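Subject: Structure handover

Hello,

Here is the structure for you to look through. My notes on what was found in it follow below.

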Amino acid sequence: MSKYFKTGYGEPIDVGQNFILDGKIYRIEKLEVIRYAGLIGSYIGEDGKTYKTNLSTVTYDSEKRLWKPRKIK
(Lines give C-alpha, C1' and ligand atoms only; values in the text may rest on other atoms or scores of the structure.)
Protein backbone atom coordinates (compact mmCIF):
# COMPACT_ATOMS: atom_id res chain seq x y z
CA MET A 1 0.00 0.00 0.00
CA SER A 2 1.46 3.35 -1.04
CA LYS A 3 1.79 6.29 1.32
CA TYR A 4 -0.63 9.19 0.86
CA PHE A 5 0.94 12.59 0.08
CA LYS A 6 -0.48 16.10 -0.25
CA THR A 7 1.05 19.32 -1.53
CA GLY A 8 1.44 22.30 0.78
CA TYR A 9 -2.01 23.43 -0.39
CA GLY A 10 -3.73 20.13 0.43
CA GLU A 11 -3.98 18.68 -3.08
CA PRO A 12 -3.34 14.90 -3.25
CA ILE A 13 -0.27 13.98 -5.29
CA ASP A 14 1.07 10.53 -6.20
CA VAL A 15 4.05 8.73 -7.69
CA GLY A 16 3.75 8.26 -11.46
CA GLN A 17 2.17 11.63 -12.15
CA ASN A 18 3.94 14.17 -14.35
CA PHE A 19 5.19 17.65 -13.47
CA ILE A 20 6.76 20.49 -15.40
CA LEU A 21 10.16 21.90 -14.42
CA ASP A 22 12.09 24.47 -16.45
CA GLY A 23 9.83 23.85 -19.46
CA LYS A 24 10.38 20.07 -19.48
CA ILE A 25 8.01 17.35 -18.31
CA TYR A 26 9.22 14.71 -15.84
CA ARG A 27 7.61 11.75 -14.08
CA ILE A 28 7.52 11.56 -10.27
CA GLU A 29 9.51 8.46 -9.30
CA LYS A 30 9.43 8.89 -5.49
CA LEU A 31 7.89 11.23 -2.93
CA GLU A 32 9.06 11.96 0.59
CA VAL A 33 8.48 14.60 3.23
CA ILE A 34 11.63 16.15 4.64
CA ARG A 35 11.37 18.24 7.76
CA TYR A 36 11.90 21.96 7.10
CA ALA A 37 12.12 21.31 3.34
CA GLY A 38 8.63 20.09 2.46
CA LEU A 39 7.41 17.59 -0.11
CA ILE A 40 10.36 16.37 -2.17
CA GLY A 41 9.87 14.51 -5.43
CA SER A 42 12.55 12.44 -7.17
CA TYR A 43 12.72 12.25 -10.95
CA ILE A 44 15.09 10.99 -13.62
CA GLY A 45 16.72 13.65 -15.79
CA GLU A 46 17.61 13.41 -19.46
CA ASP A 47 21.09 12.20 -18.53
CA GLY A 48 19.65 9.21 -16.62
CA LYS A 49 20.59 10.53 -13.18
CA THR A 50 18.11 10.88 -10.34
CA TYR A 51 17.34 14.41 -9.14
CA LYS A 52 15.11 15.87 -6.44
CA THR A 53 12.91 18.96 -6.41
CA ASN A 54 10.48 20.56 -4.00
CA LEU A 55 6.86 19.88 -5.01
CA SER A 56 5.19 21.55 -2.02
CA THR A 57 3.88 24.53 -4.00
CA VAL A 58 2.73 22.90 -7.23
CA THR A 59 -0.87 22.85 -8.47
CA TYR A 60 -2.58 20.31 -10.72
CA ASP A 61 -3.57 21.36 -14.24
CA SER A 62 -6.36 18.89 -15.05
CA GLU A 63 -6.52 20.04 -18.68
CA LYS A 64 -2.85 19.17 -19.32
CA ARG A 65 -2.85 16.39 -16.68
CA LEU A 66 0.35 17.54 -14.99
CA TRP A 67 1.59 19.42 -11.95
CA LYS A 68 2.89 22.94 -12.55
CA PRO A 69 4.30 25.70 -10.37
CA ARG A 70 1.66 27.74 -8.53
CA LYS A 71 1.48 31.34 -9.71
CA ILE A 72 2.29 33.82 -6.97
CA LYS A 73 -0.20 36.68 -6.74
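A residue is called buried under 20% relative accessible area, exposed over 50%, and partly exposed in between (1.4 Å probe, protein chains only). At 14% relative accessibility, Tyr26 is therefore buried. Tyr43, with a relative accessible area of 9%, is buried too.

Please note that this is a predicted model: local features need pLDDT of at least 70, side-chain atom pairs count only at pLDDT 80 or more, and totals for chains, interfaces and linings use all residues. Residues are numbered from 1 along each chain as its sequence is written, and side-chain values use heavy atoms, with hydrogens and water left out.

Aromatic residues

Rings of Phe, Tyr and Trp (its six-membered ring) pair if their centres lie within 6.5 Å; planes under 30 degrees apart count as stacked, over 60 as edge-to-face and the rest as tilted. Five aromatic pairs turn up in a search of the whole structure. In one of them, the ring centres of Tyr26 and Tyr43 are 4.6 Å apart and the planes are at 45 degrees, so the pair is tilted. This pair links distant parts of the chain, since Tyr26 is in strand 4 (residues 24–27) and Tyr43 is in strand 6, 17 residues apart. Strands here are DSSP runs (E, at least two residues), numbered from the N terminus. Phe19, Tyr26, Tyr43 and Tyr51 are linked into a cluster by ring pairs.

Elsewhere, Arg70 lies over the face of Tyr9, 3.7 Å from the ring centre. The criterion is NZ of Lys or CZ of Arg within 6 Å of the ring centre and within 35 degrees of the ring normal.

Core

In soluble globular proteins, nonpolar side chains tend to be buried together. A nonpolar core is a set of buried Ala, Val, Leu, Ile, Met, Phe, Trp, Tyr and Cys residues joined through side-chain atoms within 4.5 Å. The largest one has eleven residues, including Tyr26, Tyr43, Leu39 and Trp67. Leaving aside neighbours within four places in sequence, Leu39 is in contact (heavy atoms within 4.5 Å) with residues including Phe5, Ile13, Leu31 and Leu55.

Strands

Two strands pair if DSSP finds at least two bridges between them. An open sheet is formed by three strands in the order 5-6-7, with antiparallel pairing. Its edge strands, each pairing on one side only, are strand 5 (30–34) and strand 7 (50–54). From one strand to the next the twist averages 30 degrees, with axes taken as lines fitted to C-alpha atoms and angles running from 0 to 180 degrees between N-to-C directions. Five bridges join strand 5 to strand 6 (residues 38–44), and Lys30 has Ser42 as its bridge partner in strand 6.

Strand 3 (residues 18–21) and strand 4 run antiparallel and are joined by four bridges. Leu21 is bridged to Lys24 in strand 4. The two strands form a hairpin with two residues between them, and Asp22 in the turn has a positive phi of about 55 degrees. Asn18, in strand 3, is partly exposed at 31% relative accessibility.

Positive phi in the loops

Tyr36 is in the loop between strand 5 and strand 6, has a phi near 70 degrees, and is exposed at 82% relative accessible area. Arg65 is in the loop between strand 8 (58–61) and strand 9 (66–69). Arg65 has a positive phi of about 60 degrees although it is not a glycine, and is exposed at 62%.

Regards
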